[in-house]
Amino acid sequence: MSKRLFVKGNEAAAMGAIEAGCRYYFGYPITPQSDIPEYLSRELPKLDGEFIQAESEVAAINMLLGASACGVRAMTSSSSPGISLKQEGISYMAGAELPGVIINISRSGPGLGGIDASQSDYFQSVKGGGHGGYRIAVLAPNSVQEMYDLTMHAFDLADQYRTPVMVLGDSVIGQMKEALVPNPRPVRELPAKEWAVRGKSGGEQRIVKSLFLGDGELEAHNWRLHAKYRQMMEKECLSEEFETADATLLVTAYGSVARIAHTAVAMAREEGLKVGLFRPITLCPFPEEALKAAGQRAGRILDIELNTGQMVEDVRLAVGSGVEVSFYGRPPGAGSLPSPEELLDQIRKHYA
Amino acid sequence: MQQVFTRPESLKDVQTHFCPGCQHGTVHRLVAEALDQFGVQQKTIGVASVGCSVFLYGYFDIDVVEAPHGRAPAVATGVKRARPDSFVFTYQGDGDLAAIGTAEIIHAANRGEDITVIFVNNTTYGMTGGQMAPTTLVGQKTSTSPYGRNKAKDGAPIKMAEVLAQLGGVAYSARVAVNSPKNVLQAKKVIKRAFQFQAEGKGFSFVEVLSSCPTNWGMAPLAANERIGEEMIPYFPLGVFKDDPIAQD
Amino acid sequence: MRHDVLIAGFGGQGVLLAGNVLSYAALDDGKNVSYFPAYGVEKRGGTANCTVVIADGAVGSPVVGSPSVLVALNQGSLDRLGSKIRSGGICIINSSLVDATTLKRSDVKLVSVAMNEIATELGDPRMVNMVALGAYAELTGAVSLEALAEALKAALPERNHRFIPANAKAMESGARSARGE
């Protein structure tokens, strides 16, 4: 076993990026994710990489677009208001089928909101985010270890499907420290980047673009993007289940609040309540099939989020009308992180 | 028989689809000749912008990345940092570069990115139908300045070549026009000089090219060409505003 | 085995460093640990607190609603957080700055340590956090004093390693005070 390190979630994501072979980072400071650019500004130059503190989030995502068009692994990170600014570039990258990793250590909103942990960016993240019909893969770590592992995974998904991939965390996951085992990069067979610009070098002209003006061209392009999403849905869904086998109440939660819910579920089990936890790890593609099975087995779901109800819509769609789905939300703000005891109360209330 | 005029290697053998009298074709040719001259076609990555300029990849036989509106200098930054051995230029219009992309051009220039920016200034938004641009002359009527550009309300036209010359990272900044054979020849020299800086890794180079948009100006090509000399050049003086090979040292 | 503690004070009292040192000590012991900081938006002078969970198995929630131990370094922290301590838990207060009589709880063990006085006596009032850690280790057995002292190496930047002996002494003094010596 590798040595256990003790690092912040944000640092773990930056370390995962480096392990994944990312040598190009473009970002702009914003709380609570600035540990990521701070770490990479220190480490990338040692690896002959490039770190640019861009003039804006808009510029940063477009630098990522440019680097990615060259076929290298590149990343940006930000927090909610900054991610809004990046949506233009994310849409262009999705349109041009460019890989790239975007880390969102989300904060509370709308507007300037605050810096507290929040899951209010769920819709924006999983439904495309920018203009035009597209989806990007979205991964939701719930620990420092997963910040590292899933950031590496994000680069593989990005290259495999030629798509931007978002790692969606919050200040709990980003700011807390835990033990990290810096596992080596996973091995995955990836397609060669034969589309990347390099200067013709005696070969065919390569064009990276999202403008399609020919008759029927854009429609076909949209269906191709959709087919990639369906393929991800088939092959790349990730989720975790805890005590779901005999559960008659299923709690659904992701990211930081899933950690709190995990303890609440364990406390409920100690009281003899048959409660389980279903945690989507990929928010897009959403693990519909696995959730459907677990949800129908339990017959009743309590969805818990740090917002006024977003993922709960996908939960309802996944399990269908036969399963009763309730929601408990703590919209973000100072002092609004629920405790395990508070969630246990909700579990008791919804337990039939 | 001696051949005196050929198509540059860096251009494709295609028919132009630009409007009659449009000078994009002229500027394309000057850029392509410069690429040929430096022998860099095979390692050039062009960055197209939004507007009529987007069709770069249809005419140039080089690798091209298309940037969102105004963001070409940021995209080019990413390209050049990832592929420092490549030859990178952006090709942008005035709305793209001097309005929506002001932050990106200023900061790419100020960082001294080793790229070349070709800025085609025709004082209007061409592709969207002739709206007022940041470079529209005072009094000039456009589809969104039907009473003429009002300096008090719309500000004065922005002189990008002069603005950028002030920045520490800029090695070369110049303005040329393509309205006469003499000016075209001068433009060719200036564009070559700009690329020279990149070839030698000496920092950011910028060439503003005054050109016409007969369609949106509502003028015949010849009259449009005359307007460049009579109205644009007096306000946007031609010349080299910075030529500093040691800017990066 | 599972320990959780909420360490709270005002910015500058070294609350976050104390949480880090405790975490490193438990980590070196082979335990699973989560360290979750919360602090005001301002860089200095605001309130600061951190939650440390130490467990043999999975840590679970890094957020703790009712900690088994509260270490309150200032009055505001006790006022705000005293009611959250789990019944049967421990409240360690810095009696130099905190009025013990304000905690109206009969179901919590109250331990007063004059942390500022002890730290000042040892030569540096900034070591309040180390005195607090010593008291915590003594009362809970979550980590040993030796492990805490060792953890200073990991938690402090190299240039501050010269302060380790003094800090270790502060921990010992905190432990002695918690024992009632």
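**Close-up views of a predicted three-chain model**

**View 1. Arg227(B) is placed over the face of Trp217(B), at 4.2 Å from the ring centre.** A charge is taken to sit over a ring if NZ of Lys or CZ of Arg is within 6 Å of the ring centre and within 35 degrees of the ring normal. Lys177(A) lies over the face of Tyr35(C), at 5.7 Å from the ring centre. The model is predicted: local features need pLDDT of at least 70, side-chain atom pairs count only at pLDDT 80 or more, and totals for chains, interfaces and linings use all residues. Residues are numbered from 1 along each chain as its sequence is written, chains are lettered from A and ligands numbered from 1 in the order in which they are written, and side-chain values use heavy atoms, with hydrogens and water left out.

**View 2. One aromatic cluster is formed by Phe38(B), Phe60(B), Phe87(B), Phe89(B) and Phe195(B).** Over all chains, the structure holds 12 aromatic pairs. Rings of Phe, Tyr and Trp (its six-membered ring) pair if their centres lie within 6.5 Å.

**View 3. A UniProt annotation covers residues 63-209 of chain B.** The unreviewed entry gives this range as "domain: Thiamine pyrophosphate enzyme TPP-binding"; positions are in the numbering used here, feature names are shortened, and annotations may be inferred rather than shown by experiment. Over residues 63-209 of chain B the chain is 39% helix and 24% strand, with the end C-alpha atoms 23 Å apart. Helices (H or I, at least four residues) and strands (E, at least two) are DSSP runs, numbered from the N terminus.

**View 4. Of the two pairs of chains that touch, chains A and B have the most contacts.** Contact means heavy atoms within 4.5 Å. Chain B and chain C do not touch, and their nearest C-alpha atoms are 29 Å apart.

**View 5. In chain C, helix H1 (residues 15-28) and helix H5 (residues 145-155) have axes that come within 8 Å and cross at roughly 110°.** Axes are lines fitted to C-alpha atoms, for helices over the stretch in contact, and angles run from 0 to 180 degrees between N-to-C directions. H1(C) and H5(C) are therefore roughly perpendicular to each other (angles under 35 degrees count as roughly parallel, over 145 as roughly antiparallel, 65 to 115 as roughly perpendicular and the rest as oblique). Residues of H1(C) including Leu17(C), Val21(C) and Leu22(C) meet residues of H5(C), among them Ala147(C), Leu148(C) and Ala151(C).

**View 6. H1(C) also packs with helix H4 (residues 128-140) of chain C, at an angle of about 40° and with the axes 9 Å apart.** That makes H1(C) oblique to H4(C). Leu17(C), Ala18(C), Val21(C) and Leu22(C) in H1(C) meet Asn129(C), Met130(C), Leu133(C) and Tyr136(C) in H4(C).

**View 7. Arg162(A) is not a glycine, yet has a positive phi of about 50°.** Arg162(A) lies in the loop between helix H6 (144-161) and strand S7 (164-170) of chain A.

Notes: Rings of Phe, Tyr and Trp (its six-membered ring) pair if their centres lie within 6.5 Å; planes under 30 degrees apart count as stacked, over 60 as edge-to-face and the rest as tilted.
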